[in-house]
Amino acid sequence: MGAERDAELTAELAADLAAGFESMVRAFQHRIYAFSLAMSGEPADAEEVAQDTFLRAHTALRRYPADRIRELKLNAWLHRIALNVFRNRVRRRSLRLVPMEPEMPVADGSPGPEARALSSAALRELANLVSGLPDMQRSAVVMRCVQGMTYAEVAAQLEQPEGTVKSNVHRGLQALRRRAGWLSEVS
Amino acid sequence: MDLLEKDLRDLGRVRAPDGFADRVLVAVGIVPGGVDAYAALQTPVGVLEVAWNGDGVSAVRLAQARDDFERWFASRLSRRVVRVPQLPDRLAGQIEDAIAGRSPRLRLDLGRLSPFEQEVLGKTQEIPRGEVRPYAWVAREIGRPRAVRAVGTALGHNPIPVLIPCHRVVRSDGALGEYSMGGTDVKRDMLRHEGVDAAWLEQLAVAGTRYVGSRTTHVFCLPTCRHARRIQAANRVPLRDEREAVRAGFRPCARCRPALVS
């Protein structure tokens, strides 16, 4: 989502909340759903987290003055809300995560290099593994590797130094490789 | 980038489920173009599924399987409908009031129906709670006295039963007649809930009594008209038809307009 599109959407939101909100939901629904799925590991939880994210965004937008709406960086803002929704649900235990067991690698679960488009079942399995990472590794891996944010953006989201984020991403990927048996084929 | 990282990027490209955006929009009260929302509502007459949009309530049915409602809605009204967790509080309150007879001015969306259907249903909305009218009465009131059968068909296809009280339209001989929302028994229950004694109506029908006249006012009414119910037993005259009423010196009630008298 480029900065130009952001400016267009925030201008529309500031002028007409209902119309702008519809455009925003349609523009970001897949991004926020993908984030929620990787974080929570289950489609049903993911839909709830993603829906709650947009509902909270709507409540906030109704309160914000137009100037503030125009300055929003929508992608970062929505991800921050989604992260809070996710963390609240984990804290209230309305969302249960299954911690990863590193000693038990998935036998031969790695797709060969020839089958590169993962099936939806494989994607779901992967989301499940990611959601089982320890909290800081999970957030760092999802934002950096799933959502494609820069290290600087992830560091700002998580309010951590970039070095911490980098080492959490590194450790998270290592754990996933051990668990899932992915080969480190550098291309 | 290794395979794992490539797969993680694929995970970032999954798409939200179908209808996700519509459900979000409806949940914050924005009805996207061409889409109605629906939710279940517990009422004194049972659990109803209620669909609505910016113009008002568009459909009501007794709660059944979720897919049934969506398919029925799409074929009846040629619009999509999205399930949401619950009705907005204000709308739920208005519907409860309407069922309790407190708020006749709930907004209804009849825009997808034919002009004839709109007239029939609009007239049916005027029938007061606790009273019934014959199909022929509706036909006559909308200026189509010969279209009794078409009136029956339009009421049978009423997309908003309960709120448009098609259960208050009965056969001209006093029998209750059909009810699209679950047959004659449900119709009898709905009327009983509103204080109409269906057994008494059926007794009148068997006895051949279509109207009730008052010896003191010389007015004759449909049996459930509020004015008819005030007539004391000693002054009550059962009447077989309008000719008998006129011969005996009765005028038709201006409130329930039981019949045209030449």
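Setting aside neighbours within four places in sequence, A38(A) touches A127(A), V130(A), S131(A), V142(A), V146(A) and also L11(B). The core holds 99 residues, and the members that touch the most others are Y33(A), A38(A), V50(B) and L163(B). Its largest share comes from α2(A), which puts in eleven residues. Apart from this core sits another one, of 14 residues, with F220(B), I231(B), L239(B) and A245(B) among them.

On to where the chains meet. Chain A brings 35 residues to the contact and chain B brings 25. On the chain B side, the elements that give two or more residues are α1 (3-11) and α2 (20-27). Of the elements on that side, α1(B) gives the most, with eight residues.

Helix α3 of chain A (residues 43-63) is worth a look of its own. With 21 residues at 1.5 Å each, α3(A) should span 30 Å, and the C-alpha atoms at its ends lie 31 Å apart, so the two figures agree. The buried residues of α3(A) run from D45(A) and A46(A) through V49(A), A50(A), Q51(A), D52(A), T53(A) and F54(A) to A57(A), H58(A) and L61(A).

Chain B itself has eleven helices and ten strands. Of its 262 residues, 39% are buried. Taking contacts in chain B between residues at least 6 apart in sequence, 58% link residues at least 24 apart.

Among the strands of chain B, β1 (residues 35-43) pairs with two others described here. With β2 (residues 46-53), β1(B) runs antiparallel, and seven bridges join the pair. Q42(B) faces V47(B) of β2(B) across this pairing, and two residues lie between the strands of the β1(B)-β2(B) hairpin. With β4 (residues 80-83), by contrast, the pairing of β1(B) is parallel and covers four bridges; there D36(B) has V81(B) as its bridge partner.

Further along chain B comes an open sheet of four strands, ordered β9-β7-β8-β10 with mixed pairing. Its edges are β9 (236-239) and β10 (251-252), each of which has a single partner strand, so one side of each lacks a neighbour in the sheet. Inside the sheet, β7 (residues 211-214) and β8 (residues 219-221) pair antiparallel over two bridges, with G213(B) bridged to F220(B) of β8(B). F220(B) is also one of the members of the 14-residue core.

Finally, a word on confidence. Chain A has a mean pLDDT of 86, with 85% of its residues at 70 or more. Over residues 103-116 of chain A, though, pLDDT stays under 50, and the model gives this stretch 17 contacts beyond four places in sequence. Residues 183-187 of chain A are also below 50, with nine contacts in the model beyond near neighbours in sequence. Where pLDDT is low, predicted coordinates should not be read in detail.

Methods: Residues are numbered from 1 along each chain as its sequence is written. Chains are lettered from A and ligands numbered from 1 in the order in which they are written. This is a predicted model: local features need pLDDT of at least 70, side-chain atom pairs count only at pLDDT 80 or more; totals for chains, interfaces and linings use all residues. Two residues are in contact if their C-beta atoms, placed from the backbone, lie within 7 Å. A residue is buried if 20 or more other C-beta atoms lie within 10 Å of its own, exposed if 12 or fewer, and partly exposed in between; C-beta atoms are placed from the backbone. The expected span of a helix is 1.5 Å times one less than its number of residues. pLDDT is the predictor's confidence in each residue, from 0 to 100. A nonpolar core is a set of buried Ala, Val, Leu, Ile, Met, Phe, Trp, Tyr and Cys residues joined through C-beta atoms within 7 Å. Two strands pair if DSSP finds at least two bridges between them.
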